[in-house]
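I opened this model to look up the overall build of the chain first, and then one residue in it. My entries follow.

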Amino acid sequence: MSPQLQISRTQLAKHRVVDQTGQALGEGQVRLSVEYFAFTANNITYGAAGDRLGYWQFFPVNNESGEDWGVIPVWGFADVSESNCADLPVGERVYGYFPPAASVVMQPVNVKAHSFVDGSAHRQALPPLYNRYQRVSADAAYSKAGDVPRMLLSPLHLTSYCIWDHLKQQNWFGAEQIIIVSASSKTSLGVAVALDRDGAAPTVVGLTSQANKQFVADTSLYSKTIGYDEIAASLEKKSAVIVDMAGNPNVRHALQAKLGDQLQHYISVGLTHWDEEAKGSASDSSLVPIKSQEMFFAPTYILERMKTLAPGEFETNSAIYLKAATEATFGWMEVIELDGIEALAALYPRFVEGTLPPSAGYVVKL
């Protein structure tokens, strides 16, 4: 059996577990048996932005009769269990982007000592960052003990690092405060760590739900923690750049109403409140228009940023940050291990609803 979690591309809460019959390997292909992977609110963003940013295309489903099933990618570890590729033998351990499934077939190309690229035809137009896999067996410093924090936090914190780097490169967009929406998310906490380490950064304000307000305040990473329902009363009206991990239009409008022409720039990153984003709400003509805004996509940013730096500079700098951010945040986390794809499917509705505690980190063991 090779179970796989599939999600409706048009109704994100709808899901099913399907047994995928293992395909015979072609020339140069390998079969990877997934040992475990992380599942976070970020994976829900992958589904919500699946059509817009191409996430459904990584591991396509053979839909029949007009069905709309897709696969949300996850980060995890796998071992080569079958190989027709001389450069990637059975037993090789790999870290990277996988389907939430027991196994996957890949076509390794550009195989190097520490990495390879999945050269499957359907992935060639997709972001290169996601097609590259780490051969961790070749890393002398690799320890399996670090697998869980790596797959839970590194993909999120790499985005966090890029956001901080972008803000700094733009001189904070001239703002006196950086407001982070959905401040309890792991990516938000990563941004807050980077800003906390930067003595030149402006004041950092965290916006969150009342349920998560104490957790966010206890991190001591934000100068002030404000509930979504307290924006009008508690947020200072001074120049601001907003980093929005939630995508809730009601919160965005509340910020516009409070800040007015003090809102310098708006960065949309995630869609943890995907349902509100999908439904949207009528724009209020009385609100001062946002001066400038952008949709931030880390893989594109990394490719462009690396062109401006010396070879290896981005990797070195981000690695230093990733180590510090993991040390700063992993201690707050309760790691919860789910036993197999079926256990993930049972909990999946709560990921969609956004009702899981921010202190929990979920790992699916196969």
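Before counting elements I noted the rule: helices are DSSP runs of H or I with at least four residues, strands are runs of E with at least two, and both are numbered from the N terminus. On that rule I find twelve helices and 18 strands in the chain. The radius of gyration is 21 Å, close to the 21 Å that the globule rule gives for 366 residues, so I put the chain down as being as compact as a globular protein of that length. I am working from a predicted model.

Overall build. I took the box along the principal axes, and the C-alpha atoms fill roughly 60 × 50 × 35 Å. Of the 366 residues, 54% are buried. I then looked at contacts between residues at least 6 apart in sequence, and 73% of these join residues at least 24 apart.

Surface and charge. The chain exposes about 15800 Å², and carbon and sulfur atoms supply 49% of that area. I list 28 positive and 38 negative side chains, with 4 Å between the centres of the two sets.

Thr-326. I looked up where this residue sits, and it belongs to helix H11, which covers residues 313-329.

Key: Residues numbered from 1 in each chain as written. Predicted model: local features only at pLDDT ≥ 70, side-chain atom pairs only at ≥ 80, totals over all residues. Heavy atoms only, no water. Rg over C-alpha atoms; globule rule 2.2 N^0.38 Å. Buried < 20%, exposed > 50% of the residue type's maximum accessible area, 1.4 Å probe, protein only. Contact = heavy atoms within 4.5 Å. Areas by Shrake-Rupley, 256 points an atom, 1.4 Å probe, with all protein chains shown as cover. Lys, Arg positive; Asp, Glu negative; His and termini not counted. Charge placed at Lys NZ, Arg CZ, Asp CG, Glu CD.
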